[in-house]
Amino acid sequence: MSSTPGRALRRALTALLPVTALLSLAACGSDSTPAADTSQAAKPGSPGLAAARAALEKYSQRPTTISVTQPVGKKIPKGKEIDFILCGVQSCKDLADFFTEAAGELGWKVKQIATQGTPESVQAAYDQALRDKPDAVVSSGFPRAVYAKQLARLKAAGIPVVQSNADDVVGDGVSLLKNGPKEVGVQGEMLASWVVSDSDAEANTVYFDLPAYTILKPVKDSFAAKYEAWCDGCPLDQVDVPITAVGKDMPDRVVSYLRSHPKVTHVVFSLGLLNVGVPAALKTAGITGKHLVVNVGDAQNYQYIQSGLSDGAMALNSHETSWIQVDALARHFTGQSMDVDQRAELPNMLVTKDNLPSADGDFPIVEDYRAQFKALWGLS
């Protein structure tokens with residue numbers, strides 16, 4: 001009977017601790033102080049790592065359905081003219097192209113207006129839209145402070161403005177906002193789940209951010225919060241990058257940083273474009289053993305993943321975002337509310353070499369999203 005408490009204790013330890021931790025404890029002896037690295041041995045079974053792995057498992061699954069299920073239910077008018085204002089980076093051009101494709105299914109014409117992403121060029125593009133007097137204006141990436149004057153005039157003219165990936169809120173001229181601040185935070189959580197899982201909660205991480213795009217701030221904040229919660233004591237540095245570095249000296253910046261911070265194991269980019277050219281630059285510089293993951297993946301980054309030059313990417317729901325914008329305008333043009341689209345959740349997915357659907361280009365997250373949207377529009 002005297003051995004019963006000992007057996008109960010051993011059973012409790014077996015249930016609570018991983019085998020590696022038990023082996024470490026046994027090696028130390030029952031009377032000795034635990035070895036200095038005991039906590040490290042136990043870390044693979046830590047609650048934070050378990051939570052990160054559970055999140056990664058969820059986000060690695062490819063969704064099969066769009067979240068809008070209510071048909072438009074009315075005949076959608078043809079001949080609508082839409083101005084789509086670009087933000088100056090490829091991800092926005094992709095959104096515009098996917099939107100143009102969806103609008104074409106309904107017999108609408110889309111005019112794409114280029115910008116350099118600067119306030120002056122954005123304002124000029126909105127001025128152009130005011131002159132065009134389209135049936136709607138669509139854009140991505142701009143906070144309303146940049147174009148507030150033009151937005152007020154569009155509202156007065158009764159022209160709906162549809163936004164995505166912008167630091168903004170619905171109302172006062174903005175009729176629809178997808179991937180706003182409350183939605184994009186999950187992207188940071190996705191990135192953190194991969195970094196912590198990949199490192200067994202032993203990462204030393206640098207996060208490169210583009211503060212010029214304020215919509216990326218919730219992503220950075222969410223990443224930092226989840227990383228800290230899941231990776232106890234793991235170092236994290238955050239480096240702001242000017243937009244002028246995109247497509248120019250960004251690879252040199254990363255090489256310079258990693259040379260001066262050799263203990264860094266994981267490199268995270270708030271936008272896939274920041275990683276373009278980086279793998280080749282690291283190879284040339286002789287820097288190896290770094291793990292790269294990006295937010296807002298693109299064709300180049302998917303090719304990096306497929307060839308083993310990069311490790312992971314948050315796949316942006318560009319196809320689904322663009323088609324849900326068209327769906328919202330279809331409801332608007334038939335006298336209905338856009339609320340069903342505003343409430344709808346967009347799909348998300350974290351891709352690695354193991355689950356990458358395609359490296360040929362920007363792929364949809366929901367594979368047959370076209371057919372599902374066209375069914376809502378009465379086209380199937």
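**Ground rules.** Residues are numbered from 1 along each chain as its sequence is written. In this predicted model, local features need pLDDT of at least 70, side-chain atom pairs count only at pLDDT 80 or more, totals for chains, interfaces and linings use all residues, and side-chain values use heavy atoms, with hydrogens and water left out.

**The sheet.** I looked up the strand order and found an open sheet of 6 strands, S7-S6-S8-S9-S10-S11, with mixed pairing. Strands (E, at least two residues) and helices (H or I, at least four) are DSSP runs, numbered from the N terminus. Two strands pair if DSSP finds at least two bridges between them. S7 (236-240) and S11 (349-352) each have a single partner strand, so one side of each lacks a neighbour in the sheet. I noted an average twist of 20° from one strand to the next.

Next I checked S9 (residues 291-294) and S10 (residues 312-315): they run parallel, joined by 2 bridges. Val 293 has Gly 312 of S10 as its bridge partner.

**Helix on the sheet.** Helix H8 (residues 181-198) packs on the sheet and touches S6, S8, S9, S10 and S11. Contact means heavy atoms within 4.5 Å. The direction of H8 makes about 165° with that of S9. Axes are lines fitted to C-alpha atoms, for helices over the stretch in contact, and angles run from 0 to 180 degrees between N-to-C directions.

**Disulfides.** I found 2 disulfides (cysteine sulfur atoms within 2.5 Å). Cys 87 and Cys 92 have their sulfur atoms 1.9 Å apart; their link is right-handed, with 95° about the S-S bond. Cys 231 joins Cys 234, S to S 2.0 Å. The torsion there is about -65°, so the disulfide of Cys 231 and Cys 234 is left-handed.
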